[in-house]
Amino acid sequence: MNTETWGTVPGLVREAVRRHAGREAVVDGRTRISYTELGERVERAAAACMATGVEPGDRVAVWAPNTLDWIVSALGAVSAGAVLVPLNTRFKGAEAADILARSRARLLFVTGTFLGTSYVASLRRAQEAGAELPALEQVVVLADSAPQTPGYRTWKEFLAAGDKITGEEVRERADAVSPSSPSDIIFTSGTTGRPKGAVITHEQTLRGYEIWADLAGLEEGDRYLIVNPFFHTFGYKAGVIACLMRGATMIPQPVFNVDTVLANIAAERVSVLPGPPTLHQSLLDHPARDAHDLSALRVVVTGAAVVPLQLVERLRGELHVATVLTAYGLTEASGIVSMCRRGDDPWTIASTSGRAIPGTEIRVAAAPGEPGEVLVRGFNVMRGYFEDPAATAEVITEDGWLRTGDVGVLDGEGNLRITDRIKDMFIVGGFNAYPAEIEQLLGLHPDVADVAVVGVPDGRLGEVGKAYVVRRPGSVVTADDLVAWARREMANYKVPRQVAFVGELPRNASGKVVKGELRRT
C-alpha cells in the first residue's frame, strides 16, 4: 500500500476497515471481531475520549497488557487527536506515575488485575506516597469495576459517555490530525537513568512500518501472534500498525508462555511470529513441540540480542519457516533502523542486523570495518525528546545524525553488526535494561553506599543484571535482602539476579566506574 493514501494513524484505521471489512481483525481469547467491528469500536472509543475532554495534542496513556482493549483504547485516543503514551506493564506504581507526570497525561487507560497485581492499587499507593499527577483527570479501568473515587470509571461507563458524540464529529476530529503531528511518545531511559520520551509523528510511523511490512513479506490474511508487548515499538508498530496496513489478523498474547505460544500457533494457524531470540529458542526446545501443528508458520523476525546461526538454521530446517529475518532499531529511530532482506544467507541473517531501511542512512564513527558508534539519519529519527531540548541536542547532531550509543561495524555490503553498547544497556529476555536507572533505584536502599550494575550472560534470558554493592558501615544486608527489596521497587526485568559485595568500586581518574574491571571479576 502507498502511505500517501493516508497520512495518519486514524486514516490508516479507516482505510483498513474499507479494504478488509469482513476479514477477521482481532482474536482475543473467545472474542473475534472483523475489521468493520474494529473500526466501530475504535470510533466509539474516540467519541468517548472527546466526551471526556481530550483535545488534539493531549497525552493519553495506556498501562495494560496485550489485549483487544489496548488496541481499541489506543487507536481511539489517537483518532481523537491525542498523543499515545504507552506504559510498561512491568512498571511499579511509582515508575508509572513518573511517566504520567512527565508527559502530563490527561487520561489513563489501565488494566484491572494482571498477573495477580492490581495496577489501580499500585498507582494509588504511589499517589499516597507523594506522587503528584495534577494533569491526570480521568482513569479508565479496563474492567467491570473501578474504585468509587472521583476521576475513576469503568470501560463500559467511559464508552457510554461518548454516545452524545456523533460519528461525523469523530471523523472531523480524525481528519484534522496532521501527518506531521506527534502520534506517540514512547519513554526510554538513557545513561543518566532519567526517562526520556521519544516523539514520533504519524507519517514517520506509517512510512517506517510500511517498509517493515514490505521487507518482512507481511500479507493480507496473515495471522500474527503478537507476543511483543504493545508498550514497545516492536509490539505496537511492527504488530498493530503493520497488521492494519496489510489486513492481517492480530492475535495478542498478554504474557509470554511457551505452552500458550505453541497452542496459539496450532489452534489459530499462526503464520507470523516476531520476537526476541529467546522466544524462538524456547519454542524449538520445547519437549511437546512435535505435538502441535506449526506448519502455518512462515515469517519470523527477530533481533534485540545476538542471534545464533544455529537458531536461524533450525527455524528454517526443523520448522520450515520460509522467511527468517533479523533487524535492529531503537525507540529514538521509530524502532526501525536496519533489516535483513528475504534471500539473505543464514550467516548474514545471524551475524548482522541487515542493511539500512530505504530512505535512511547508517554510518559508523570509525575507519571502514572497524567498530565505532552507530549513527543514523533519515525520516525515522525522532522529532526529539519530549520537552527536553538539552537531551535532544546531545543525541541529534546539527546535520541530523542520531547518535545511537551503540557500537557497530559495517561490512562492504552495508550490513550492520552491533558489537557493544556505549550506554551499557543490556537486554533481559527482550527488554532493555539500563544500568544507570537500576543503580539509581538501588542507591535508595538505606544500606547501599555505592553500587554499579552490569549485564552478565544468562542461559534463559540472554542477559541479566549483576549488582556490585558497597555496603554502608555496619550494614549486614545480604544479597537475598537486596534482591527481595528490588523486586518490590522496580520492574522485574530490572531486578539484579546476582549481587556481589565489594569494598569499593573501581573508578578512573574522572571518577567514573570502570565497568570493564567489574565484568572481569
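A residue counts as buried under 20% relative accessible area, as exposed over 50%, and as partly exposed in between. In this predicted model, Pro179 has 31% relative accessibility, so Pro179 counts as partly exposed. Pro179 is found in the loop between α7 (167-175) and β10 (182-189).

Which residues touch Pro179, leaving aside its neighbours within four places in sequence? They are Gly7, Thr8, Thr201, His202 and Glu203. Phe379 is 200 residues from Pro179 along the chain. The C-alpha atoms of the two are separated by 13 Å.

## Helix α2

Helix α2 covers residues 35-51. Its 17 residues, at 1.5 Å a residue, should span 24 Å. The end C-alpha atoms are 24 Å apart, which agrees.

The N-terminal end of α2 is capped by Ser34. A side-chain oxygen of Ser34 lies 3.4 Å from the backbone nitrogen of Thr36. Just after the helix, Gly53 has a positive phi of about 105 degrees. Buried residues in α2 include Tyr35, Leu38, Val42, Cys49 and Met50. Gly39 is buried too, as are Ala45, Ala46, Ala47 and Ala48.

## Where α4 meets α5

Helix α4 spans residues 93-103, and helix α5 spans residues 119-128. They pack at an angle of about 75 degrees, with axes 8 Å apart. Angles of 65 to 115 degrees count as roughly perpendicular, so α4 and α5 are roughly perpendicular to each other.

From α4, the contact uses Gly93, Ala94, Ala97 and Leu100. From α5, it uses Ser122, Leu123 and Ala126. Five of the contact residues are nonpolar, two are polar and none is charged.

Definitions and conventions. Residues numbered from 1 in each chain as written. Predicted model: local features only at pLDDT ≥ 70, side-chain atom pairs only at ≥ 80, totals over all residues. Heavy atoms only, no water. Axes fitted to C-alpha atoms, helices over the stretch in contact; angles between N-to-C directions. Helix = DSSP H or I, 4+ residues; strand = E, 2+ residues; numbered from the N terminus. Parallel < 35°, antiparallel > 145°, perpendicular 65-115°, else oblique. Contact = heavy atoms within 4.5 Å. Nonpolar A, V, L, I, M, F, W, Y, C, P; charged D, E, K, R; others polar. Expected span 1.5 Å × (residues − 1). Buried < 20%, exposed > 50% of the residue type's maximum accessible area, 1.4 Å probe, protein only. Polar contact = N/O pair within 3.5 Å; in protein donor to acceptor, adjacent residues only side chain to side chain.
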